Amino acid sequence: MSQYSRPTRYGRISAPSEAWLTKAAPEPILEPELPIVDTHHHLWERPDHRYLLHELLADLGTGHNVVATVFLECHAMYRAGGPAEMRPVGETEFVAGIAAMSDSGNYGATRVAAGIVGFADLTLGDRVEPVLQAQLRAGGGRFRGVRHSAAWDASDIIGNSAVATGPHDMRRPQFRAGLARLTALGLSLDAWVFHPQIADAVDLARAMPEANIIMGHCGGPLGYGPYAGKRDEVFAGWKAGITELATCPNVTMKLGGMMMRLAAYDYGARPAPPSSAELADLWRPYIEHCIERFGASRCTFESNFPVEKMGIGYAALWNAFKRITAGASADDKRALFSGTARRVYRLD
């Protein structure tokens, strides 16, 4: 049985099939001049997949005007030794080197990893301070914050965040003490939860109004495992949670990143990737509700590459986002595709 004739194992990252991606029908690039800051991508070298500077550049070069990117932690190139809490600093060192390569101008105009979001264990509480200071030094002026993922579900099918210890990590006093240290340094928290946990994010944002919280992947709507066949029920619960979260002025929403978790289509069984119009129709209700509640000034788009590459190419993904926002004003488009990103990640 071929790779693309069996059901996908949702919630698990696998190497994308370049051969399958080439089967997509060609599309013209929509609004090719619109500046984009891609606020969420990874860089890694795994046993089954390499996605480093040149692989990223190949995707960036498919036609959209990506002026800068933000790297998000993915447990890449941790230090092999030293105190366990300090090992994630190796990832920032690695990405800062790639960012310096990009800044040379030898690889095009896009500022790759203009912002770096790494990992530090916030449940260390006050003891996270030395880790954050080390991350700031390693980032060479690019370190912008931490993603401490709290995404957790009781079902073994879902696939939880590697650092999540239970359903309510964001309510733990140690986590909040660590976030207080992060906030005091002017750094942001990239939050990642599944939709049943959105209430925890609301509680956190209200308890710590000074924190700059950036919610990933549209708040994590789930559509497989125990949530399969419950699209309307899940959407209703997710929608109510997002509406409440949007009342927290210190929260920004990232739009995208739903390939693995929403499971809107089985990309592992399709003979070819969907068109941008198809993907736009599938994701539109979620993205439009986020924009309606948060406003363009508190929303920013993300590619989540190469994870989303399991189901669609880079050019078609951004075309889908542009289709969803086709009716937006010029000012709102500037905010959604680059302006909000520059503000919340403090990019030059």
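## One cavity

A search of the whole structure turns up one cavity of 30 Å³ or more. The model is predicted. The largest cavity holds about 30 Å³ of space.

## The largest pocket

The largest pocket has a volume of about 620 Å³. Its lining counts 28 residues. Nearest the centre of this pocket lie Ile13, Glu73, Arg147, Ser161 and Ala162. Two elements give two or more residues to the lining: β2 (44–46) and α8 (259–262). Of these, α8 gives the most, with three residues.

The lining of the largest pocket splits into 12 nonpolar, 10 polar and six charged residues.

At least two lining residues come from each of α1 (18–21), β3 (49–51), α2 (53–60) and α10 (314–324). The biggest share is that of α10, with four residues. Sorted by class, the lining of the second largest pocket has 13 nonpolar, six polar and seven charged residues.

## Helix α7 against helix α9

Helix α7 covers residues 231–245, and helix α9 covers residues 276–294. The two pack at an angle of about 20°, with their axes 9 Å apart. Angles under 35 degrees count as roughly parallel, so α7 is roughly parallel to α9. The crossing of α7 past α9 is right-handed.

Which residues make the contact? From α7 come Arg231, Phe235, Trp238, Lys239, Ile242, Thr243 and Leu245. From α9 come Pro285, Tyr286, His289, Cys290, Arg293 and Phe294. By class, the contact of α7 with α9 has eight nonpolar, two polar and three charged residues.

Conventions: Residues numbered from 1 in each chain as written. Predicted model: local features only at pLDDT ≥ 70, side-chain atom pairs only at ≥ 80, totals over all residues. Heavy atoms only, no water. 1 Å grid on protein atoms, 1.4 Å probe; cavity = no way out; pocket = protein on both sides within 12 Å on 5 of 7 lines; lining within 4 Å. Points joined across faces, edges and corners; volume = space filled by probe spheres on them. Nonpolar A, V, L, I, M, F, W, Y, C, P; charged D, E, K, R; others polar. Axes fitted to C-alpha atoms, helices over the stretch in contact; angles between N-to-C directions. Parallel < 35°, antiparallel > 145°, perpendicular 65-115°, else oblique. Left-handed = near helix turned anticlockwise from the far one by under 90°. Contact = heavy atoms within 4.5 Å.
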